[in-house]
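This report describes how the parts of a protein model are arranged. Please look at the sequence and the structure below before reading on.

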Amino acid sequence: MNKTVTFKIWRGDANGGNFVEYKTEITEGLVVLDVVHKIQATQANDMACRWNCKAGKCGSCSAEINGIPKLMCMTRMDTLNIDKPITIEPMRAFPSIRDLVTDVSWNYRVKQKIKKFKPRTPDAPDGTWRMQQEDVDRVQEFRKCIECFLCQDVCHVLRDHHKHDEFIGPRFLVYTAALEMHPLDTEDRLPELKQTQGIGFCNITKCCTKVCPEHITITDNAIIPLKERVVDEFYDPFGWLLKKIRPQG
Amino acid sequence: MATNYETHEYDVLVIGAGGAGLRAAIEASASGVKVGLICKSLLGKAHTVMAEGGMAAAMGNVDDRDSWKVHFADTMRGGQYVNNWRMAELHAKEAPTRVHELEAWGAVFDRTKEGKISQRNFGGHRYPRLAHVGDRTGLELIRTLQDHGIHQGISVHMEYTIVSLLKDGARVVGAFGYDRERGRFRIFKAKAVVVCTGGLGRAYRVTSNSWEGTGDGVSLAYHAGAELLDMEFIQFHPTGMIWPPSVQGILVTESVRGEGGVLRNKEGKRFMYDDIPDNYKSQTSMDPEEGWRYTQNDKNAKRPPELLTRDHVARCINREVKAGRGSPHGGVFLDISWIKEKMSNAPEHIKRKLPSMYHQFMQLANLDITKEPMEVGPTTHYAMGGVRVNGDTQATNVPGLFAAGECAAGLHGANRLGGNSLSDLIVFGKRAGEHAAKFAKENGAGAVNDAQIEAAYKEAVEPFERAAGGASEGPYQVQYDLQNMMQDNVGIVRLQNEMEFALAGISKLRARAAKVAVQGHLEYNPGWHTAIDLKHLLTISEAITLGALDRKESRGGHFREDFPDKDPEAQKYNNVISKQADGSMKLRREPIPAMPEELKQVIEEMKN
């Protein structure tokens, strides 16, 4: 089982960089992050790599392995072809900091702009709320998100077209969907979804859904229903007329 | 010189952004003071995300016989009565309010049929008590606090590491640290500082803790003059993954057993029936059928022995392995797939109740837990000991310094019950934030001292200078040697001579750590970070070993082969460790204050 494998790891920073070759022996059961750690400890002490839980729960070690956005801690070596060199590079939709580490702070700024959860007044006798499991199932799916930002990385609107100022990306559409579909929430986030958050940019290629390590059906369950709500709100002439005649609230 | 560092000024500085740190920051901020929050990683990635099972709060949603009194008594029994009883009381009383507050901030817990927050069974809790979201409750907690906290006006510093607390006379007045991205040093002035840095599992080879769990807050507080309490009590979680080797130590949640999972040795025997401690006999069922009914929320059934406290289950597993009855890779079998005998939709049920476990084993071990048993063994999980605090305010003995969460000690005594950690974070995170803000309002800003800052800077960057001077040993080998030393000599089963060997070894490792060299640059340099963390790891390892040597009995997470029984005399004191003027570490025993009559009565009432 022990075999020497070649890795090409991107080394560099915001000013540029290149792939550096490392050869190391791998043993049974390793994941890509183990190999990166081994190379770090033995051949490249200063190689930058962001990680934390090493169990697929924190979403820190996102990278592109043989060109595909993945969590390094959840990619077993025996799922890769080890006869060829394996490339590991940072997420390409975000600015480089160093080596495998990217500047993901844009995501945190985007989230802050989304209106926070605003629950209705508690209406159960004990001063809390009642919610049925089937009413929270879909929100719980979205709340599985570990914020690894792989969906942002693969999204062509961000990756290729760099619409970071006009489009919040799949992660924050899922976040907005979780808020909008929360049974207790009373806020309305549809106007900004349409205007400043660019939901129209998504043309449902479903790349985000494919790379999600939590298997959230991002496009079908979150983005499309949000698009429908936006359409109902802003483009449905009968609905518009009805609202004019019988204003709500 | 010190004026060259960029300086941030806050009323309250919170170091650590897991559950306790975020909750403290939210509370302090809500009381109107200016708050800074230091994250060692990115916001929302702290080790709290790893918590799986749930948070204990006696809401009585599933079994209305539950109350704060039962929760209090369970916590004291689990902690084997060396807990800070005031913390155990406050925790049991306030946890339900804190959980409901999370719901008001957007948390979406699993529900009961009546639409209330659902609660599940867990080891050592008499009634179903853990509010949960599948097996990802920690993620729900941290995300809820994060998403609420970002709208509170808190200044968040992501990927910063604190290397030293700054003092003005006896009082803590700030902290000094660097950002990982660029390696720039920063001064954080603060009227009050709260350390919420979590655990220290990285002192051991096999651990469920991430790289962050290097005991920073405990060590920072100790070096700033704070007392440490009961450092010998380390929880070895009974079920960590053991195969393949690269995943060794990763947690397998107790909920697997809570949902009906059973432990077997290689002979297929449920060995937990062989050893049920006297004080749990009345609550434990000898009948497998009754045990199963318990996991399915039959109120009249008693719990199966798999759900005894973690310290006990871990030692039983250890015993099976040592006796040659272990699994192929040196653990035992944990089987949830057997429940297909009980329900036709077992695979779907398991995937719904334990989704992360299903994925974890599928992806990391290529094993389907709905079809096959898992191999598990004990893993270093949690520090019951830590910074000594006042139970009401979370203040340390150092003015201006507070601590909450895992890095603080007291609530859990000698052994923590599963589910009592997440509730600890929100109950005492809130209290720490509240009292730190109060302290900040009542006290003016102190002065930071340039000499302290320069000394801390010099110590931090020295490894680069040593490399330039020709030194060659890097930090990793010293870290590995320390982890092996602690694992082999101050681990789950302890002996006097082994621990004496470790104590001597730690001082040799300290000498090596003082010479390690680091190559390269200040920017995101993991070798350098490892070199800095070594100081913390060595400090806490010494404290753990000192405490374990002194406590000549077995209690909770501290098990001595040479003193296998509990000593009633040792139930009367806590071990307190402090730094002496000459820099040495000293231990003293301090009597546990007498419990008020009404709490004593609660414990008596709940004995049966």
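How many Å apart do the C-alpha centres of domain 1 of chain B and domain 2 of chain B lie? The C-alpha centres of these two domains lie 32 Å apart.

## Basis of the report

The model is predicted: local features need pLDDT of at least 70, side-chain atom pairs count only at pLDDT 80 or more, and totals for chains, interfaces and linings use all residues. Residues are numbered from 1 along each chain as its sequence is written, while chains are lettered from A and ligands numbered from 1 in the order in which they are written.

## The two domains of chain B

In chain B, domain 1 covers 236-380 and domain 2 covers 459-566; such bounds come from an automatic or database domain assignment. Six residues of domain 1 of chain B and five residues of domain 2 of chain B take part in the contact between them. Two residues are in contact if their C-beta atoms, placed from the backbone, lie within 7 Å.

On the side of domain 1 of chain B that touches domain 2 of chain B, helix α8 (residues 310-322) of chain B gives the most, with four residues. Helices (H or I, at least four residues) and strands (E, at least two) are DSSP runs, numbered from the N terminus. By class, this side of domain 1 of chain B has three nonpolar, one polar and two charged residues. Here Ala, Val, Leu, Ile, Met, Phe, Trp, Tyr, Cys and Pro count as nonpolar, Asp, Glu, Lys and Arg as charged, and the others, Gly among them, as polar.

## Chain A and its domains

Chain A has 10 helices and seven strands, and its C-alpha trace spans about 75 × 45 × 25 Å along its principal axes. Its domain assignment gives domain 1 (3-102) and domain 2 (105-245). The centres of these two domains of chain A, taken over C-alpha atoms, are separated by 31 Å. Their contact takes 12 residues from domain 1 of chain A and 13 residues from domain 2 of chain A.

## Where the chains meet

Between the chains, 43 residues of chain A are in contact with 50 residues of chain B. In chain A, α1 (32-42), β6 (96-98), α2 (105-113) and α3 (133-142) each supply at least two residues of the side that touches chain B. Of the elements of chain A, α3(A) gives the most to this side, with four residues. The side of chain A that touches chain B is made up of 18 nonpolar, 13 polar and 12 charged residues.
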